[in-house]
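Biologist: I would like to learn how to read a sheet and the helices around it. Can we go through one model together?

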Amino acid sequence: MPEPAGTAAAPPGTATEWMAGQLSEHVAAGEAAAALLPEAREVAELLCRAFERRGILYTFGNGGSAADAQHFTGEIIGHYKRDRRALGAVTLSTDPTAMTCIANDYSYDDVFARQIAGLARAGDVVAAFSTSGNSPNIVSGLRAAQEAGATTVLFGGGRGGDALEYADHVLLSPSTVTPRIQEVHTFLLHVISERVDAWAAGDGGYP
């Protein structure tokens, strides 16, 4: 079939080469993320201690980061690889009634902070996922968590943005590119979930 008028055919291999470049960026970000492993272990141990005391993990984010937050919750309250007891975890972006009520009656900037103020307590862990760290609702959510006495974790990127000020533990993807940041976040939530899974199942340690 001939090309439509005014449309130039892409040079052979261009799409594949672009994908290969994306893969190279992914691998480079993954290799650089090795520096985050000691802090990831700290976060995993923090969660084990919190769950031992019947604490709850609250997660939140916007857009793709909301999906990452929900992914993390699923691995915790369900399970990662092992058949083990359920652990308390809630994603704050999954209740449309609460989200739209708060956004309508107060402000979208308050959609997470308001829920945290009503739910989170000392001994809980609040984890925010944000590629920029500058979204007002992320910043206010972490601030509200600290005010409630919960321990805060930021899964961020680049320099962390304004949210850095309210994060007790920081896992910053070594990239400023949104897809690479989110790909590293997925790896981090998986290795943390592996440790929590092993602890909850009584395995005692890492595989």
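Biologist: In what order do the strands form the open sheet, and what is the pairing?

Modeller: Keep in mind that this is a predicted model. The order is 2-1-3-4-5, with five strands in an open sheet and parallel pairing.

Biologist: Which strands are the edge strands?

Modeller: Look for strands that pair on one side only; here they are strand 2 (89–91) and strand 5 (169–173). From one strand to the next, the twist averages 15°.

Biologist: How many bridges join strand 3 to strand 4?

Modeller: Five bridges join strand 3 (residues 125–129) to strand 4 (residues 151–157). In strand 4, T152 is the residue opposite V126.

Biologist: Which strands does helix 3 touch?

Modeller: Helix 3 packs on the sheet and touches strand 1 (57–61), strand 2, strand 3 and strand 4. The direction of helix 3 makes about 160° with that of strand 1. Helix 7 lies across strand 3, strand 4 and strand 5, at about 140° to strand 4.

Biologist: At roughly what angle do the axes of helix 3 and helix 7 cross?

Modeller: The axes of helix 3 (residues 64–77) and helix 7 (residues 178–201) cross at roughly 15° and come within 10 Å. Angles under 35 degrees count as roughly parallel, so helix 3 and helix 7 are roughly parallel to each other. Their crossing is right-handed.

Biologist: Which residues make the contact?

Modeller: Among them are D68, H71 and F72 of helix 3, and H185, L189 and V196 of helix 7. The residues of this contact divide into five nonpolar, eight polar and two charged.

Conventions. Residues numbered from 1 in each chain as written. Predicted model: local features only at pLDDT ≥ 70, side-chain atom pairs only at ≥ 80, totals over all residues. Heavy atoms only, no water. Axes fitted to C-alpha atoms, helices over the stretch in contact; angles between N-to-C directions. Helix = DSSP H or I, 4+ residues; strand = E, 2+ residues; numbered from the N terminus. Parallel < 35°, antiparallel > 145°, perpendicular 65-115°, else oblique. Left-handed = near helix turned anticlockwise from the far one by under 90°. Contact = heavy atoms within 4.5 Å. Nonpolar A, V, L, I, M, F, W, Y, C, P; charged D, E, K, R; others polar. Pairing = 2+ DSSP bridges.
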